[in-house]
Amino acid sequence: MMQTARAISSVAAVQARETGLRKDRNVTSAIPFPAAVLLPGTGSDETFVRSVFAGPLETVGVPLIAPPPPPGSALAEGYLTVLDEVAGKYGPVLVGGISFGAHLAAEWAVANPGRCGGLLAALPAWNGLPGSAPASLAARFSADLVAGSGVEPALAQAAAGSPPWLADELARAWRRHGDGLAASLRAAAGRAAPTLAELAAVGVPAGIGTCTDDPIHPTKVALEWAAALPRAAVVETTLAALGTDRESLGRATVLAFLRCFLARADVNAPPGRPR
């Protein structure tokens, strides 16, 4: 209880928006989980995940496990297997990710209610079947481009319509995926995310980070996830902020999680304890 009280005291001054969880590491260890397993989005990799989440998770004393992407069409099932293995080793863990990684983490949380301690979902892109969701259409287009022209021409076309920081991220990650890139993009583009009804059964604290200027991952979807999940909060940031500070998205997501987690801890504190 004393640790909870210290954590609540430390977070009491946090501002309402994502900038409240800052790099000065002034938030004490608040999340009693042995690890957080975070998965990247479509065509991305663990390098980007670490740049987004390592610092914010260090702030609250939680080690980050960021597995590399399984090759090709094994992308989704490979990541779900990793989550099974980590939970088997450590017990209940935080799970989450960015975009498609958030979808997979939520899918695993739905299927493993006793092994998921919390959800960190950055930039969810759709609910249920992807249909015409912008992120799914973009991944399909990219897969066709890579399959038809190769990675380098596809990168040149992608870079032409992207800010420099995103073009650099794509160049590193897409080259790393190599010959399996098109298959992994298609695997992500066609996979259903949890439905809103399925999310309603996930009772753990859930933090959702969204970029209000991101048309590929609409904030509307983040709000729908938050409304469906029993214990969820959304914190907003922007792609403009992400371009200059990768941790801005991680801080938003972790701060949203802390709001849910500490709110429940506060409610459950015995009478007379500091809140």
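Biologist: Which residues of S1 point one way and which the other, and are they buried or exposed?

Modeller: From S1, Ala36 and Leu38 point one way, Val37 and Leu39 point the other way, and all are buried. Buried means under 20% relative accessible area, with exposed over 50% and partly exposed in between, for a 1.4 Å probe and protein chains only. The model is predicted, so local features need pLDDT of at least 70 and side-chain atom pairs pLDDT 80 or more, while totals for chains, interfaces and linings use all residues. Residues are numbered from 1 along each chain as its sequence is written, and side-chain values use heavy atoms, without hydrogens and water.

Biologist: What makes S1 and S3 a pair?

Modeller: Strands here are DSSP runs of E with at least two residues, and helices are runs of H or I with at least four, both numbered from the N terminus. Two strands pair if DSSP finds at least two bridges between them. S1 (residues 36-39) is joined to S3 by four bridges, and the two run parallel. One of the contacts sets Val37 against its bridge partner Val95 in S3. S1 also has two bridges to S2, again parallel, where Ala36 has Leu64 as its bridge partner.

Biologist: In what order do the six strands stand in the open sheet?

Modeller: The order is S2-S1-S3-S4-S5-S6, and the pairing is parallel. S2 (64-65) and S6 stand at the edges because each has a single partner strand, which leaves one side of each without a neighbour in the sheet.

Biologist: How do you know that S5 is mostly covered?

Modeller: Six of the six residues of S5 are buried. Ala206, Ile208 and Thr210 point one way, Gly207, Gly209 and Cys211 point the other way, and all are buried. In a regular strand the side chains alternate between the two faces of the sheet. S5 (residues 206-211) pairs with S6 over six bridges in the parallel sense, and with S4 over four bridges, also parallel. Ile208 illustrates both contacts: in S5 it is the bridge partner of Ala121, and its own partner in S6 is Val234.

Biologist: Which residues form the covered face of S6, and which the uncovered one?

Modeller: Ala233, Val235 and Thr237 make up the covered face of S6 (residues 232-237), and Ala232, Val234 and Glu236 the uncovered one. Of these, Ala233 stands opposite Gly207.

Biologist: Why is H4 described as largely enclosed by the rest of the structure?

Modeller: Nine of its twelve residues are buried, and H4 is therefore called largely enclosed. Among the buried residues are Phe100, His103, Leu104 and Trp108. The expected span of a helix is 1.5 Å times one less than its number of residues. H4, with twelve residues, reaches 17 Å from its first C-alpha to its last, close to the expected 16 Å.

Biologist: How many aromatic pairs does a search of the whole structure find, and why is the pair of Phe257 and Phe261 called as it is?

Modeller: The search finds one. Its members, Phe257 and Phe261, have ring centres 5.9 Å apart and planes at 15°, so the pair is stacked. The rule is that rings of Phe, Tyr and Trp (its six-membered ring) pair if their centres lie within 6.5 Å; planes under 30 degrees apart are stacked, over 60 edge-to-face and the rest tilted. Both residues lie in H12 (residues 247-268), four residues apart, about one turn of the helix. Phe257 is buried at a relative accessible area of 0%, and Phe261 counts as buried at 17%.

Biologist: How do you know that Thr59 is buried, and how far apart are Thr59 and Val254?

Modeller: Thr59 has 6% relative accessibility, so it counts as buried. It is found in H2 (residues 46-59). Thr59 and Val254 are 195 residues apart in sequence and 9.6 Å apart in space, C-alpha to C-alpha.
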